[in-house]
Amino acid sequence: MEPIEQSDKPVISKQVDGFFITVYEIFGFISRFFREVLRRPFETREFIRQCFYIGNRSLPLISLTGFITGLVFTKQSRPSLAEFGATSWLPSLISIAIVRALAPLVTALICAGRVGSSIGAELASMKVTEQIDAMEVSAINPFKYLVMTRVLACTICLPLLMCYNGLIALVGAFVDIHLNEQTSMDTFIQNAFTNISFLDLAASLVKALVYGFTIGIVSCYQGFHASQGTEGVGKSANVSVVVSMFLIFIEEVIIVQLVNMIR
Amino acid sequence: MKTADSRRATTVGIFIILGLIIFATAILILGGQKKAFIQSVQIKAIFHDVGGLSRGNNIWYSGVKVGTIKKITFMDLSRIEVLMNIDKNARPFIHKDVRARISADGLVGNKIIALDGGTAQTAPIEDGDVIIVEPSISTDEIMNTLQVNNKNLVAITGNLKDIMENLVAGKGSLGKLMKDSSVYEQLDRTLAILHKTAGNTQQFTRDLTGYTARLQRPGVLANDLVSDTVVFSRLRNTATQLQEVATRANQVAHDLQSVTTDVKGRLNSDESPAGVLLNDSVTARQLQQTIRNLESSTGKLDENMEAVRHNFLFRGYFRRQEKQRKKEEKKQQKELQRQ
């Protein structure tokens with residue numbers, strides 16, 4: 001970021017200017033991503049490596065979180081439904097909650113924490129140690145190699161992780177329901193999918209894609225524009241997570257409103 | 001390095017494929033439930049009120065899900081056309097005269113269209129058919145009825161409150177009964193009398209039962225009267241005869257009355273012999289004289305008869321008679337001794 005020359009401006013004005021400049025730079029970063037996404041060369045190997053780190057390495061954490069989410073949510077929902085004698089609605093309730101909201105949101109938050117901080121810190125350390133500048137000098141497009149691969153990996157892996165998370169959460173819910181209500185697997189599946197529509201699945205998929213893209217782009221941006229030496233690395237990792245999570249919640253609200261308009 | 005890369009790529013590939021399989025499975029299960037991947041027949045029904053039915057809601061035929069709502073469109077001010085996708089496999093069992101009504105899949109469940117009825121005489125449904133709609137009671141109507149019930153309940157509880165207040169205040173018959181001890185004592189006495197009466201009634205009933213049992217015993221007159229047709233017939237004959245006798249007695253009494261009147265007339269008359277005897281004083285004096293003459297004649301005749309007995313001409317006759325009499329007396333005595 002270029003230093004602001006008008007030093008005689010009030011502090012608030014400087015901050016407002018800084019905010020708009022940051023917004024401009026972010027949109028420039030995003031537009032550069034879309035400009036270069038279909039241009040050769042494709043860094044396939046790096047993309048697969050990133051998929052491995054973002055997707056496969058996140059799988060145990062996502063599975064554990066999903067299982068606990070399903071199990072705990074079922075346990076917490078049971079007393080309320082039991083008051084009406086409607087515990088048979090648990091599969092339906094849990095599946096709606098998981099498919100429509102929990103699976104994409106929990107996956108995104110976990111990834112924002114794990115992947116976002118990782119990308120932010122990695123790129124920031126590369127930036128402050130001038131590795132990115134060195135790549136540019138050696139005729140490697142650092143944007144394509146570092147940003148494109150990570151953002152694409154995040155965007156693709158997050159929906160897949162969401163599917164795993166949803167499945168494992170449903171397994172967790174089934175375990176609890178089976179132990180308490182002795183519901184069979186067939187009945188559970190039938191009831192779970194009764195109140196879910198294709199729109200719900202599509203909306204979750206879109207959410208996961210958007211969240212993945214957000215995590216990737218925010219983390220890469222923060223890492224790519226890190227400064228102030230090693231301090232900047234930690235700050236970049238921290239800001240990546242915070243901004244990613246904040247944006248995920250904002251996007252959640254917007255997407256839910258849009259889906260409800262279509263529904 | 002290359003081996004590590006290839007292993008990593010394989011792992012990523014497996015990860016991606018598994019994720020896609022999970023997603024595809026979800027779509028397939030959902031598609032199976034929503035009957036999205038089946039061949040279907042489209043039929044229509046026209047409702048005045050769909051009661052919150054929406055696209056994708058289920059269609060049940062005899063409690064089995066056979067399709068989903070495809071589209072809901074307004075036809076005019078009060079008519080709504082509902083387009084339904086019906087599973088082609090269920091088509092042979094759903095006939096053209098089937099009736100559609102708006103229902104719910106539970107007490108607070110989703111709205112559905114329930115198909116009922118249909119006869120084998122009509123053909124199965126075909127694409128584009130418009131089926132008959134059966135009016136159904138909406139939740140609003142149920143709530144309106146409940147509202148009326150609530151109002152009635154409020155009125156009833158109000159009345160009950162008044163009654164209870166009166167009771168507590170000791171007003172009215174029940175209130176007095178609860179508060180006034182004299183009424184209670186009176187009631188207690190009445191109850192005691194009633195109790196006694198009930199005992200008497202019980203005894204009476206027992207007696208009556210015994211009496212009835214005796215009446216029902218075969219051979220008893222009452223039982224014969226009721227059950228024996230011969231006795232009853234005889235009684236009827238007797239009654240008939242009695243009636244005849246009474247008729248005759250009546251006739252006789254009438255005759256006697258006329259005779260008595262006649263006799264009375266004649267007795268009062270001087271022309272008949274009895275009338276003369278009863279009413280004529282001259283004849284009475286003559287009769288008295290005649291009786292006196294007869295008395296003196298009888299006395300003289302007795303004297304003559306005594307003289308005849310001592311006459312030798314008749315003495316033998318009287319002796320024979322005396323002997324005969326004595327002989328019969330002896331005979332009688334002997335018979336008595338034998339006995």
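What share of the contacts in chain A with a separation of 6 or more comes from residues 24 or more positions apart? The share is 84%, where a contact means heavy atoms within 4.5 Å. Keep in mind that this is a predicted model, in which local features need pLDDT of at least 70 and side-chain atom pairs count only at pLDDT 80 or more, while totals for chains, interfaces and linings use all residues. Residues are numbered from 1 along each chain as its sequence is written, chains are lettered from A and ligands numbered from 1 in the order in which they are written, and side-chain values use heavy atoms, with hydrogens and water left out.

**Chain A overall**

- Chain A has nine helices and zero strands; helices (H or I, at least four residues) and strands (E, at least two) are DSSP runs, numbered from the N terminus.
- The C-alpha trace of chain A spans about 70 × 45 × 35 Å along its principal axes.
- Chain A has 263 residues, and 44% of them count as buried (buried is under 20% relative accessible area, exposed is over 50%, and partly exposed is in between, with a 1.4 Å probe and protein chains only).
- Chain A carries 19 positive and 20 negative charges, and their mean positions are 5 Å apart. Lys and Arg count as positive and Asp and Glu as negative, with His and the chain ends not counted; each charge is placed at NZ of Lys, CZ of Arg, CG of Asp or CD of Glu.

**Surface patches**

- Patches are made of residues with over 30% relative accessible area and no salt bridge, joining like charges within 9 Å and nonpolar side chains (Val, Leu, Ile, Met, Phe, Trp, Tyr) within 5 Å.
- A:Phe246, A:Ile250, A:Ile254, A:Leu258, A:Met261 and A:Ile262 make a nonpolar surface patch of about 650 Å².
- A:Phe246 sits in helix α9 (residues 229–262) of chain A and counts as exposed because its relative accessibility is 54%.
- Over on chain B, B:Arg315, B:Arg319, B:Lys323 and B:Lys327 gather in a surface patch of positive charge.
- B:Lys323 belongs to helix α9 (residues 312–338) of chain B, and at 65% relative accessibility B:Lys323 counts as exposed.

**Salt bridges**

- The whole structure has 16 salt bridges over all chains, a salt bridge being a side-chain nitrogen of Lys or Arg within 4 Å of a carboxyl oxygen of Asp or Glu.
- A:Asp176 pairs up with A:Lys75 in a salt bridge, their closest N and O atoms being 2.8 Å apart.
- A:Asp176 is buried at 3% relative accessibility, whereas A:Lys75 is partly exposed at 45%.
- A:Glu252 and A:Lys207 meet through their side chains in a salt bridge (3.1 Å, N to O). A:Glu252 lies in helix α9 and A:Lys207 in helix α8 (residues 198–224), so the pair ties together parts of chain A that are 45 residues apart in sequence.
- A:Glu252 counts as buried at 10% relative accessibility, and A:Lys207 is buried with a relative accessible area of 3%.
- In chain A, a network of salt bridges links A:Glu46, A:Arg49, A:Glu122 and A:Arg150.

Key:
Accessible areas come from the Shrake-Rupley method with a 1.4 Å probe; for residues, only the protein chains shown count as cover.
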